[in-house]
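Subject: Handover of a structure and notes on its contents

Dear colleague,

My notes on what was found follow it.

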Amino acid sequence: MCDKSIQRDVMKADNNSTKNSTKNSTKNSSVGLLGAIAIGVGGMVGGGIFAVLGEAVSLASGATAVAFLVAGLVALLSSYSYAKLSVAYQNRGGTVVFIDNAFKHNLLSGGINLFLWLSYLVTISLYASAFASYGLTFVHDGESMTWLRHVFISLAILLPAGINLLNATFVSKSESIIVAIKIILLVIIIFFGASHVDMNRLSVSHWESPLSIIAAGMIIFVAYEGFELIANTAEEIKNPTINLPRAFYGSVIFVILLYLLIAVITVGSVSQSELMAAKDYALAIAAKPSLGHVGFVAVSIAALLATFSAINATIYGNARLGYIIAKEGELPQVLDEQKRDIPMMGVIMTTLISLFIANTIDLKEIAIIGSAGFLLIFSLVNISAYKLYRHINGNKILIMISSIVSVLSLLTLLGHTYTKDPKAIVVFFVFIILSIGFEYFYGTLVRGHFFNRKYK
């Protein structure tokens, strides 16, 4: 990729950047503890819960809440590594900076950074597929109209992309309002749905096998990955040494409890057959017993709003992630250029690739690929924390447990998927090969020999 002297210069620049951003954070910090928790909650309670709830029910049945708990515990363990790394490396690069500091800007770290960028493209595709599923509930016989589904998917990506290109500030200004609407709606479903829960549907006799329950938890893990966004705003957090860990743990624990209650209401108030018939919009069906058709429509509208805003925010974030990676020399130079503080080409590339993924892969496979992708990323972040545990003042044993659990979770998901849906496994490994292959080809041939471009 580049010679050792360049690597040392990059690491020195990263360290200086980290020190500077830490100093700046004490002067310009503007986000308090509640704001930081809101960032984490908003990142998790995006479109994920609307997209993957039905998949969890299909695999775990009466143990759906247990599946959400398993996934949540994996996320909570990983949040410890994120908290320690975020305090030590307060930088908007977040995950990218952690992996680079642990693995020193080599082929592996470069490939993983690209893989992270691709993983966010998968989440955009997941949200777009969920948007289409809920959108089709407003169209008579919409589920049988394949072409209309692709129209909904494409609009769900193209419209937010247009917003990002025209007025990126709208994204950040509107996100807090939309997050509040989503949380309020979920609380309403829980409150009114509690009296309609049939506890017999949650009994052990309705549980699937332990392996299926764990696999269900791993498939829906993508609904938890958003807490990592706190790391990207670390330099803006007030009193980061105290508030960053509290924000990570507080947001994950809150979302675990929220998802557990939603899972109980869904499985406890709606029959398995009904949920399977409406798997792609299970949360709307869950609102029917207590809130009737009005509840169904309200949840569907909220799902459209939630998934649309999640796509909007993810395009915003991923375009800037591509900008950061391009600045490091791991993506073509055209991606590290901005107009009006907007990485135009980053938005366009994010949009085009997301359109391709969302329109060629089905919802379940997208969920599997997305969860596997972030389990791989979190495994590497945990391993990064283990390599740096002295520098970040981390508990070596706890970080080692987090690393082992995240790796085993990934292997469990891949093993289960291999027997049930091998196509998703193929796509997942294609993404890995593309990431490392692109970094090798671009790093050793194009950037160095043709463009003479080095890390900045």
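Two rings of Phe, Tyr or Trp are taken as an aromatic pair if their centres lie within 6.5 Å, with the six-membered ring standing for Trp. Please also bear in mind that this is a predicted model.

Aromatic residues

Under that criterion, the count comes to 20 aromatic pairs. One of them joins phenylalanine 374 and phenylalanine 378 in an edge-to-face arrangement, with 6.4 Å from centre to centre and 75° between the planes. Both residues belong to helix 15, where they are four residues apart, about one turn of the helix. Phenylalanine 374 counts as buried because its relative accessibility is 0%. Phenylalanine 378 has a relative accessible area of 1% and is therefore buried.

A further pair is formed by tyrosine 386 and tyrosine 389; this one is tilted, at 6.1 Å centre to centre and 35° between the planes. Tyrosine 386 has a relative accessibility of 29%, so it counts as partly exposed, whereas tyrosine 389, at 16%, counts as buried.

Phe374 and Phe378 also take part in one aromatic cluster, together with Tyr82, Phe98, Tyr120, Phe221, Phe227 and Phe248.

Overall fold and confidence

The protein has 17 helices and zero strands. It comprises 456 residues, of which 58% count as buried. Among contacts in the protein with a separation of 6 or more, 81% are between residues 24 or more positions apart.

The mean pLDDT of the protein is 82, and 84% of its residues reach 70 or more. Confidence is highest in helix 4 (residues 64-88), at a mean of 95, and lowest in helix 1 (residues 4-28), at 41. Over residues 1-27 the pLDDT stays under 50, and for this stretch the model has 36 contacts beyond four places in sequence. Where pLDDT is low, the predicted coordinates should not be read in detail.

Individual positions

Helix 16 also contains serine 402. With a relative accessible area of 1%, serine 402 is buried. Apart from neighbours within four places in sequence, serine 402 is in contact with Leu77, Ser78, Ser81 and Asn382.

Alanine 38 is placed in helix 2 (residues 33-44). Its relative accessible area is 40%, so alanine 38 is partly exposed. The C-alpha atoms of alanine 38 and valine 179 are separated by 8.3 Å, although the two residues are 141 residues apart along the chain.

Serine 61 is not a glycine, yet it has a positive phi of about 55°. Serine 61 sits in the loop between helix 3 (48-60) and helix 4, and it counts as buried because its relative accessibility is 7%. Asparagine 239, also a residue other than glycine, has a positive phi near 45°. This asparagine 239 is found in the loop between helix 10 (229-232) and helix 11 (240-269). Is asparagine 239 buried or partly exposed? At 44% relative accessibility, asparagine 239 counts as partly exposed.

With kind regards

Definitions and conventions. Residues numbered from 1 in each chain as written. Predicted model: local features only at pLDDT ≥ 70, side-chain atom pairs only at ≥ 80, totals over all residues. Heavy atoms only, no water. pLDDT = per-residue confidence, 0-100. Helix = DSSP H or I, 4+ residues; strand = E, 2+ residues; numbered from the N terminus. Contact = heavy atoms within 4.5 Å. Phe/Tyr/Trp six-rings, centres within 6.5 Å; stacked < 30°, edge-to-face > 60°. Buried < 20%, exposed > 50% of the residue type's maximum accessible area, 1.4 Å probe, protein only.
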